[in-house]
Amino acid sequence: MSTEVVLSEVDSARPHRRGFPGLAFVRSTSGVQRATLIVGLVLMAMFLLAAVFAPLLAPYGFSQTSDGGTEFARQAAPSAQHWFGTSVRGEDVLSRVIYGARTALMVIASSLILSIVIGVPLGLASGYIGRWLDRVLVLFMDAMYAFPSLLLAVVISIVVAGGQSSSFGGIASAAIAITAIFVPQYFRVVRNATVAVKTEPYVDAARVTGASTLRILFKHILSNVVQTLPVIVTLNAAEAILTLAGLGFLGFGIEPTSAAEWGYDINKALPDISNGIWWTSVFPGLGIVLIVLGMTMVGESASETMNPLLRTRKKRVKA
């Protein structure tokens, strides 16, 4: 037996080491697409770090207006003590921007989890069972989808919060309001994919063997209809940030003493602009822009990578 054969057998028997999670996905991209993906991932990582470690990164509390018995100057320009300046209430803008990331993350996570938990099972049931259930659900979801998203979020936020702007109430109302916007999207994607695969041979085989409807839906169909959900989740996360900021800007956000929220801060900073006080609105707005840009970059890059049609077009162009 030759040395090459022995080495090949040893290599094949050697267990493969798992690489860093997501590294294979990054390697599957190239050129501008890879650069876009990396920049988006970096921005998302910065957002997550700021949200998770906000108490450690923020120099002050999000509603703190004094330190050591000394009141902060109101609307003070950026300085060594306050890198992003102070607000009209005397709060440190940098601290509110960092804590605003935590509020945004809580709302995004809550709304996306609720949307998936509600929208995916309803889409599976509607696409597989069909008949009157499908007609009723499709009609209801289309009606919700046709409703202006921000207006729907405002109405639901008012109903859920009941005029209260506490930390839990504000975050819960914003999460439920955004959930109502996203559920129809997940329902339609999963329902259409389920209709396309429910006549496949593996589904018929499971049905013939006596598998229950729940087993068929969640074991045989679900794994084949959720490939596009990661892309939708990333893009919806960016939309959730904008919706949350819109609610806060319109006055349906969270009181500054309960939690920090970027849209609310921009709303309170509007009178400052005419007086040349730019920092109270620019930095919260920059936080919104950067995280939305990062999530959109990752979502678009993932869509191009996972879409077989786009991959085929790229191969043809290269050829």
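A charge sits over a ring if NZ of Lys or CZ of Arg is within 6 Å of the ring centre and within 35 degrees of the ring normal. Arg-188 is placed in this way over the face of Tyr-145, 4.4 Å from the ring centre.

The model is predicted: local features need pLDDT of at least 70 and side-chain atom pairs pLDDT 80 or more, while totals for chains, interfaces and linings use all residues. Residues are numbered from 1 along each chain as its sequence is written, and side-chain values use heavy atoms, without hydrogens and water.

Rings of Phe, Tyr and Trp (its six-membered ring) pair if their centres lie within 6.5 Å; planes under 30 degrees apart are stacked, over 60 edge-to-face and the rest tilted. The structure has five aromatic pairs, including these two:

| Pair | Centre distance | Plane angle |
|---|---|---|
| Phe-62 and Tyr-99 | 5.4 Å | 65° |
| Trp-278 and Trp-279 | 5.6 Å | 85° |

Phe-62 lies in the loop between helix 4 and strand 1 and Tyr-99 in helix 5, so the pair ties together parts 37 residues apart in sequence. Helices (H or I, at least four residues) and strands (E, at least two) are DSSP runs, numbered from the N terminus.

Buried means under 20% relative accessible area, exposed over 50%, and partly exposed in between (1.4 Å probe, protein chains only). Trp-279 is buried at 7%, whereas Trp-278 is partly exposed at 44%.
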